[in-house]
Amino acid sequence: DQYLRDTRIPTLELVKEDGSWRYRWTQVNERFNMPVKIHFGDQSQWIHPTTKWKKEYFPIDEFTVNEDFYIEVSVGK
């Protein structure tokens, strides 16, 4: 529904906070549900953002989002 009926590009917001990362979806409809694969070093992991903030510990300072996803990424401090 998001990609067919909405002109907004889903945005994954990320904020590093006290050694953990907070993340959520913005620019999406309320039913949007899409996991995203992130890469750090030689590892990768799936995260499951929602429109509400989630907090998870990753022992890294930065990571990349798999380029196969049609999304925007916003990293805050």
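Phe40 has Gln43 of strand E4 as its bridge partner. That bridge belongs to the antiparallel pairing of strand E3 (residues 36-40) with E4, which runs over five bridges. The model is predicted.

- Strands of a sheet pair through backbone hydrogen bonds, in either a parallel or an antiparallel manner.

- Strand E1 (residues 11-17) pairs with E2 in the antiparallel sense, over seven bridges.
- Thr11 has Thr26 of E2 as its bridge partner.
- A hairpin is formed by E1 and E2, with two residues between them.
- Asp18 sits in that turn and has a positive phi of about 55°.
- E2 also pairs with strand E5 (residues 54-57), again in the antiparallel sense, over four bridges.
- E2 is mostly covered, as five of its seven residues are buried.

**Ser20: buried or exposed?**

- Ser20 is buried: its relative accessible area is 13%, and the cut-off for buried is under 20%.
- Ser20 lies in strand E2 (residues 20-26).
- The bridge partner of Ser20 in E5 is Tyr57.
- Tyr57 is also one of the contacts of Ser20 once neighbours within four places in sequence are left aside; the others are Val15, Lys55 and Glu56.

**Val73: which residues are in contact with it, leaving aside its neighbours within four places in sequence?**

- With those neighbours left aside, Val73 is in contact with Leu12, Leu14 and Val65.
- Val73 belongs to strand E7 (residues 72-76).
- The C-alpha atoms of Val73 and Thr11 are separated by 5.5 Å, although the two residues are 62 residues apart along the chain.
- Val73 is partly exposed, with a relative accessible area of 40%.
- In a regular strand, side chains alternate between the two faces of the sheet.

**Whole-protein figures**

- The C-alpha trace spans about 35 × 25 × 15 Å along its principal axes.
- Of the 77 residues, 35% count as buried.
- Among contacts with a separation of 6 or more, 60% come from residues 24 or more positions apart.
- The protein exposes about 5,300 Å², and carbon and sulfur atoms supply 46% of that area.
- There are 11 positive and 13 negative charges, and their mean positions are 7 Å apart.

Note on methods: Residues are numbered from 1 along each chain as its sequence is written. This is a predicted model: local features need pLDDT of at least 70, side-chain atom pairs count only at pLDDT 80 or more; totals for chains, interfaces and linings use all residues. Side-chain values use heavy atoms; hydrogens and water are left out. Buried means under 20% relative accessible area, exposed over 50%, partly exposed in between (1.4 Å probe, protein chains only). Contact means heavy atoms within 4.5 Å. Accessible areas come from the Shrake-Rupley method with a 1.4 Å probe; for residues, only the protein chains shown count as cover. Lys and Arg count as positive and Asp and Glu as negative; His and the chain ends are not counted. The place of a charge is taken as NZ of Lys, CZ of Arg, CG of Asp or CD of Glu. Two strands pair if DSSP finds at least two bridges between them.
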